[in-house]
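Here are my notes on the model you asked me to look over.

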Amino acid sequence: MNLHKLPPVLEDLRNHSPEQVAELRLLLSSDAPSRPDPRRPGFFEVEGSESVYYVFRYPNGSKVLLLGVWERDPVAEMVSCSCPAA
């Protein structure tokens, strides 16, 4: 028997662009890497090619809430990788 895992339902809480929602759907379906928010259980940052998505994932994995989107800053990422923490 061939069972396929269904992608989570994505709910946009802030009226983001259709392109942003589509990219997040693609990232979620491809199991893109995400970073947990250390201060808020269940909240994650999912990195896209040009944007970072801030989401809440229900514990059972059936639903994802899109809360915020911001552009990635390649300069800041390069600095954080090259400079050791003080």
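1. Let's start with β4 (51–57): six of its seven residues are buried, so the strand is mostly covered, where buried means under 20% relative accessible area, exposed over 50% and partly exposed in between (1.4 Å probe, protein chains only). Strands here are DSSP runs of E with at least two residues, helices are runs of H or I with at least four, and both are numbered from the N terminus.

2. Before going further, a word on provenance. This is a predicted model, in which local features need pLDDT of at least 70 and side-chain atom pairs count only at pLDDT 80 or more, while totals for chains, interfaces and linings use all residues. Residues are numbered from 1 along each chain as its sequence is written, and side-chain values use heavy atoms, with hydrogens and water left out.

3. Setting aside neighbours within four places in sequence, Ser-51 is in contact (heavy atoms within 4.5 Å) with Glu-23, Val-46, Val-69, Trp-70, Glu-71 and Arg-72.

4. Phe-44 has Val-55 in β4 as its bridge partner. β3 and β4 make a hairpin with three residues between them.

5. The hairpin of β4 and β5 has five residues between the strands, and in it Gly-61 takes a positive phi near 80°.

6. Now the core. A nonpolar core is a set of buried Ala, Val, Leu, Ile, Met, Phe, Trp, Tyr and Cys residues joined through side-chain atoms within 4.5 Å. The largest one has 12 residues: Leu-10, Val-21, Leu-24, Leu-27, Leu-28, Ala-32, Phe-44, Val-46, Tyr-53, Val-55, Val-64 and Leu-66. α1 gives the largest share, four residues. As background, nonpolar side chains tend to be buried together in soluble globular proteins.

7. Not counting residues up to four places away in sequence, Leu-10 touches Val-21, Leu-24, Arg-25, Leu-28, Val-64 and Leu-66.

8. α1 itself has 12 residues and reaches 16 Å from first to last C-alpha, close to the 16 Å expected at 1.5 Å a residue; the expected span is 1.5 Å times one less than the number of residues. Val-21, Leu-24, Leu-27 and Leu-28 are the buried residues to look at in α1. They lie on the same side of α1 because they cover an arc of only 120° around the axis, taken from the directions from the helix axis to the C-beta atoms. On the other side of α1, Pro-18, Glu-19 and Leu-26 are exposed. Cover for the buried residues of α1 includes β1 (9–12), β3, β4 and β5.

9. Which residues other than glycine have a positive phi? Asn-15, in the loop between β1 and α1, has phi near 60°, and Asp-31, in the loop between α1 and β2 (34–36), has phi of about 55°. Most residues other than glycine have a negative phi, which is the reason to give these a second look. Asn-15 is exposed, with a relative accessible area of 73%. Asp-31 is exposed too, with a relative accessible area of 61%.

10. Leu-6 sits in the segment before β1. Leu-6 counts as exposed because its relative accessibility is 71%. The C-alpha atoms of Leu-6 and Ser-29 are separated by 8.8 Å, with the two residues 23 apart along the chain.

11. Finally, the overall picture. The protein has two helices and five strands, in the order β-α-β-β-β-β-α along the sequence. Of its 86 residues, 24% are buried. Among contacts between residues at least 6 apart in sequence, 35% join residues at least 24 apart. The accessible surface comes to about 6,600 Å², with 59% belonging to carbon and sulfur atoms; these areas come from the Shrake-Rupley method with a 1.4 Å probe, and for residues only the protein chains shown count as cover.

How values were computed:
Pairing = 2+ DSSP bridges.
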